[in-house]
Amino acid sequence: MDRNSNGYTFMFAAIMVAVVGALLALASTSLKDLQDENVKKEKMQNILASVGVVVEREQAPSQFSSVIKEQLALKIDGSVDESSKAFDIDLKNELSKKVEDQRFPLYVAEQDGKKFYIVPLRGAGLWDAIWGYVALEEDLNTIKGTVFDHKGETPGLGAEITQKWFQDRFVGEKIMNQSGEIVGVEVAKGNTSQAKDDNKVDAISGSTITGNGVTNMIKERLSNYKNYFAKQKNLALNN
C-alpha cells in the first residue's frame with residue numbers, strides 16, 4: 001500500500017487507536033485493585049481525620065482498626081442491619097432510594113479515653129456532589145470535627161470547604177436546638193458570632209450555593225439518625 005495515500009493514513013490511525021485503547025484498558029484493569037485499595041485507605045484517613053487523627057495513607061488501616069471500635073449499618077428506625085457492612089455502603093446509591101429503604105453507616109470511635117460517633121455525609125454543591133464526615137462527641141450533640149470534600153466546586157470559592165480553617169468553624173457547634181431537635185449547622189453569610197449554641201457558622205465569601213449545600217447535607221443526613229441517637233441517650237440514662 002502506498003504510504004502516502006489517504007487509505008494508509010486512515011488505516012495507520014485506526015491501528016494506533018486500537019493499540020493505545022487496548023493498552024489503556026490493560027493498564028486500567030491491572031491497576032484496579034491498587035486504585036480500589038487507595039480509595040479505601042483514603043476513606044479511612046477521612047474518617048479518622050474527623051476525630052483529629054491525621055495519618056499517612058499507608059498507616060490508615062492499622063490506625064483505623066485501633067480507633068474505630070464499631071461500624072454500624074442503621075435502619076431509619078435506629079436498629080442495626082446486621083446483613084449490611086457500614087464501610088461498603090455507597091451514599092450515592094443510598095440517596096437514590098426511599099428513606100425507609102436506605103442504610104445509614106455510623107462509625108463509633110474511641111480516642112484519648114473518649115467515645116465519638118462519626119456520620120458520613122453526602123449532598124449537592126454548586127456544580128456537583130459534595131461529601132464528608134461529621135464526628136459527634138458522646139453527648140451526640142456537640143461536633144468534635146468535620147471533613148468536607150467535593151467533586152467540582154469553584155477553586156478559591158466553594159472548593160474552600162476542604163480547608164481546615166473552614167472545617168474548624170464547626171468544632172464545638174451543636175447540631176440540636178434548644179428544643180432538642182436536630183437542625184444541623186447552618187452556613188450563614190455574615191455570621192460572626194462566636195457562640196457555639198446558635199447552630200450557625202460563618203459562610204465562605206462568594207460561595208453561597210456551596211454553603212447552602214453543606215447546610216442541607218448536614219441537616220438531611222443527621223436527621224436520619226435521630227431514632228438511633230434517642231436510643232443511645234435512653235441507654236445512657238438507664239445505666
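**Ground rules.** The model is predicted, and local features need pLDDT of at least 70, side-chain atom pairs count only at pLDDT 80 or more, and totals for chains, interfaces and linings use all residues. Residues are numbered from 1 along each chain as its sequence is written, and side-chain values use heavy atoms, with hydrogens and water left out.

**Overall count.** I looked up the secondary structure and found 6 helices and 7 strands. Helices (H or I, at least four residues) and strands (E, at least two) are DSSP runs, numbered from the N terminus. From that end the elements run α-α-β-α-β-β-β-β-α-β-β-α-α. Of the 239 residues, 38% count as buried; buried means under 20% relative accessible area, exposed over 50%, and partly exposed in between (1.4 Å probe, protein chains only). I then took contacts (heavy atoms within 4.5 Å). Among those between residues at least 6 apart in sequence, 51% join residues at least 24 apart.

**Sheet.** I traced an open sheet of 5 strands in the order β1-β2-β3-β4-β5, with antiparallel pairing. Two strands pair if DSSP finds at least two bridges between them. β1 and β5 are at the edges with a single partner strand each, so one side of each has no neighbour in the sheet. Neighbouring strands are turned by 20 degrees against each other on average, direction ignored. For angles, axes are lines fitted to C-alpha atoms, for helices over the stretch in contact, and values run from 0 to 180 degrees between N-to-C directions.

**Strand pairs.** I checked two pairs. β1 and β2 are joined in the antiparallel sense over 6 bridges, and Gln71 stands opposite Tyr107 in β2. β4 and β5 run antiparallel with 7 bridges, and Ala135 stands opposite Gly145 in β5. The hairpin of β4 and β5 has 6 residues between the strands, and Leu140 in the turn has a positive phi of about 60 degrees. In β5, 6 of the 8 residues are buried, so this strand is largely enclosed by the rest of the structure.

**Helices on the sheet.** Helix α2 (residues 60-67) lies across β1 and β2, at about 80 degrees to β1. α5 packs on the sheet and touches β2, β3, β4 and β5; its direction makes about 125 degrees with that of β3. In α2 I found Ala60, Phe64 and Val67 buried. Seen down the axis of α2, its buried residues fall within an arc of 80 degrees, so they line one face of the helix. The arc is that of the directions from the helix axis to the C-beta atoms.

**Cores.** A nonpolar core is a set of buried Ala, Val, Leu, Ile, Met, Phe, Trp, Tyr and Cys residues joined through side-chain atoms within 4.5 Å. The largest has 32 residues, and Leu106, Phe148 and Val214 are among those with the most contacts inside it. α5 gives the largest share of this core, 4 residues. Leaving out residues up to four places away in sequence, Val214 touches Ile130, Phe148, Ile161, Phe170 and Val187. A second, separate core of 18 residues includes Ala86, Ala109, Phe116 and Ala135.

**Ala124.** I looked up Ala124 in strand β3. Its relative accessibility is 53%, so Ala124 counts as exposed. Beyond neighbours within four places in sequence, Ala124 is in contact with Ile130 and Gly213. The C-alpha atoms of Ala124 and Met217, 93 residues apart along the chain, are separated by 7.5 Å.
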